Amino acid sequence: MYVLRRWAVRHARLLESVYSVLDRALDALRPLARLIGYARLERPVAAIERAAKGALFDCRMCGACVLSVTGMACPMNCPKSLRNGPCGGVRADGGCEVEPGMQCVWIEANHGAARMRAGALPTKPNPPLEHQYQGRSSWLRVLRQEPWPASLVTQAPPRSDEALAASRLESLLRSGTFVVTSECSPPDSADPGDVLTRTHHYEGWVDALNVTDAPGAHCHMSSLGVSLILARHGWEPVMQMTCRDRNRIAIQGDILAAAALGIGNLLCLTGDGIGNGDDPGAKPVFDLDAVSLLDTARRLRDDGLYRSGRMLTGRPRLFLGAVDNPFVPPFDLRPMRLGRKVAAGARFVQTQYCFDVPMLERYMHAVRAQGLHQRCHILVGVGPLTSARSARWMRNHVPGVHIPDELITRIERASDPKAEGVRICVEQIVRIRAIEGVAGIHLMAPKNEHLIAEIVSESGLLSGRAQPVQH
């Protein structure tokens with residue numbers, strides 16, 4: 001099957017012509033199908049479609065085929081069911097984060113789309129899957145002229161500069177302040193004191209704290225709970241939300257609860273694969289992906305609507321964010337994927353660790369060419385490498401992390417590897433801050449939070465502030 005699937009991508013232009021003929025044939029057959037009855041045709045046509053498309057595309061019969069806009073590569077073959085890929089965990093060789101022996105479906109889609117008439121993947125985001133159609137024939141839906149799942153709203157009206165900011169972080173970014181954010185790992189505990197134990201490392205040095213949502217597919221106290229504890233103690237939380245563990249009903253409920261409890265920053269992610277964690281028997285959900293999650297939150301905020309179309313009586317105030325990874329393939333798709341997230345509602349973006357500044361500069365050049373830096377605030381991820389061994393482990397085991405050999409060699413040769421790692425981090429921050437379009441730094445130092453004050457101080461990130469960082 002995989003061989004035929006890759007053949008289909010290589011011959012995407014031929015198959016596009018075949019589909020064009022099929023469309024005309026379906027138009028001609030519509031009166032006959034109406035006479036026979038669509039209900040009678042469903043089972044036999046679905047069986048034929050499953051056999052034909054299954055052989056060529058490993059079709060999963062989602063009932064809303066998007067092969068024509070994904071280069072004849074079925075996105076449902078992505079283990080995360082990403083309909084707006086690629087994710088940020090693509091391996092350096094183009095392998096899938098979850099199934100390393102398989103090339104990323106969206107790299108295949110990019111190759112296939114380049115061979116089709118349009119010449120590239122469309123920038124318009126794909127809507128999420130509507131599961132009630134799963135197993136049904138897409139061909140019959142075309143015959144019946146049924147509406148396809150509604151497109152994501154890609155031209156959301158820009159929020160007025162006079163509009164009340166949803167959070168302190170949004171106010172700072174809108175004022176042009178170069179911000180510093182960091183991450184707070186939720187504890188394996190039900191004691192709120194365990195949340196606050198390490199926060200003294202951040203006090204006076206960061207503008208906001210991300211609260212991770214079951215990072216690496218490991219269970220911890222929920223992001224919503226930790227965010228609320230932090231907010232009650234004066235911190236500015238950025239609540240992360242992943243699509244891996246809940247469906248759209250639970251997601252929307254959690255978004256409303258977070259906003260009602262005063263949490264104004266929401267960072268939307270697809271999430272790591274279940275296999276990265278310590279409970280591989282858990283069932284992955286991935287009902288939405290990061291792009292459709294952003295659109296869902298934006299609809300709640302701007303339109304006062306659930307995804308179902310039902311109205312809210314009170315809208316949430318939210319500053320919506322996303323993540324991006326400029327440091328893994330396919331590099332030419334990264335600005336396009338960022339554009340999809342911005343179109344869906346992202347107004348701040350945090351990147352994966354940057355250990356390769358020239359690679360970031362190339363990415364930011366493409367971002368500026370599309371004007372995306374004017375539509376969202378980009379915060380670049382940085383962090384200290386404390387030893388050559390830990391750097392190699394991170395590169396080999398953390399999906400999406402790219403660390404050049406020369407940095408590892410430099411740390412390995414240093415008499416004090418930890419001090420050298422801090423020095424490298426400071427140097428990179430200075431270079432990153434000089435790049436046009438960068439609005440802040442996202443400083444990550446898991447298990448080395450005590451280094452944050454030194455890094456922020458040495459890099460001069462807070463110099464020129466009218467007021468000190470508050471929590």
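In this predicted model, L360 touches F327, C354, V380, I432 and I435, once its neighbours within four places in sequence are set aside. As a bit of background, nonpolar side chains tend to be buried together in soluble globular proteins.

Next come the helix pairs around α15. Two packed helices are described by the angle between their axes and by the distance between those axes. Helix α14 (residues 405–413) and helix α15 (residues 417–433) have axes that come within 8 Å and cross at roughly 140°. The two are therefore oblique to each other, and α14 passes α15 in a right-handed crossing. On the α14 side, the residues involved are L407, R410 and I411, and they meet P417, E420, G421, R423, I424, E427 and Q428 of α15. Sorted by class, the residues of this contact come out as four nonpolar, two polar and four charged.

Helix α15 also packs against helix α16 (residues 452–459), here at an angle of about 45° and with the axes 9 Å apart. This pair is therefore oblique too, and the crossing of α15 past α16 is right-handed. From α15, the contact draws on V422, C425, V426, I429 and V430, while α16 brings in E454, I455, E458 and S459. Six nonpolar, one polar and two charged residues make up the contact of α15 with α16.

Finally, a couple of loop residues deserve a look. T199 sits in the loop between α7 (192–196) and β2 (208–211). Its relative accessibility is 7%, so T199 counts as buried. Leaving out neighbours within four places in sequence, T199 is in contact with L230 and W235. L318 is likewise a loop residue, placed between α10 (290–303) and β5 (319–324). With a relative accessible area of 2%, L318 is buried. Along the chain, L318 and D302 are 16 residues apart, and their C-alpha atoms are separated by 9.6 Å.

Key:
Residues numbered from 1 in each chain as written. Predicted model: local features only at pLDDT ≥ 70, side-chain atom pairs only at ≥ 80, totals over all residues. Heavy atoms only, no water. Axes fitted to C-alpha atoms, helices over the stretch in contact; angles between N-to-C directions. Helix = DSSP H or I, 4+ residues; strand = E, 2+ residues; numbered from the N terminus. Parallel < 35°, antiparallel > 145°, perpendicular 65-115°, else oblique. Left-handed = near helix turned anticlockwise from the far one by under 90°. Contact = heavy atoms within 4.5 Å. Nonpolar A, V, L, I, M, F, W, Y, C, P; charged D, E, K, R; others polar. Buried < 20%, exposed > 50% of the residue type's maximum accessible area, 1.4 Å probe, protein only.
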